[in-house]
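Here is a short report on one protein chain. Look at the sequence and the model, then read on.

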Amino acid sequence: QRAEAIGSVLRSCASIVVLAIAVVLVLGELGINLAPILASAGVVGVALGFGAQNLVKDFIAGIGIILEDQYG
């Protein structure tokens, strides 16, 4: 179950990364200027990072619990 859960998380992360790269490449091929989009994505990422610190801490703690099999 632990390997299945970790595999699911990694698949989701990989899918998001591949989708984001594909969107950026498609927009670049359409001739859209990517600099403002990437800059605003960075600003939004920082804002979300500060706003969701507790959520990220809980997520990392949960991954640690799964990896260490603390419930088992």
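This is a predicted model: local features need pLDDT of at least 70, side-chain atom pairs count only at pLDDT 80 or more; totals for chains, interfaces and linings use all residues.

Residues are numbered from 1 along each chain as its sequence is written, and side-chain values use heavy atoms, leaving out hydrogens and water.

**Confidence.** The mean pLDDT (the predictor's confidence in each residue, from 0 to 100) of the protein chain is 87. Of its residues, 97% reach 70 or more.

**Helices.** The protein chain has 3 helices and 0 strands. Its pattern along the sequence is α-α-α. Helices (H or I, at least four residues) and strands (E, at least two) are DSSP runs, numbered from the N terminus. The table sets out two of the helices. The expected span is 1.5 Å times one less than the number of residues.

| Helix | Length | First to last C-alpha | Expected span |
|---|---|---|---|
| α3 (residues 53–68) | 16 residues | 22 Å | 22 Å |

Both ends deserve a look. After α1 comes G31, with a positive phi near 85 degrees. Just after α3, D69 has a positive phi of about 55 degrees.

**Overall form.** The C-alpha trace spans about 55 × 25 × 10 Å along its principal axes. The radius of gyration of the protein chain is 17 Å, whereas a compact globule of 72 residues would have one near 11 Å. This radius is taken over C-alpha atoms, and the globule rule is 2.2 Å times the number of residues to the power 0.38.

**Surface.** Of the 72 residues, 1% count as buried. Buried means under 20% relative accessible area, exposed over 50%, and partly exposed in between (1.4 Å probe, protein chains only). I37 lies in helix α2 (residues 35–51). I37 is partly exposed, at 38% relative accessible area.
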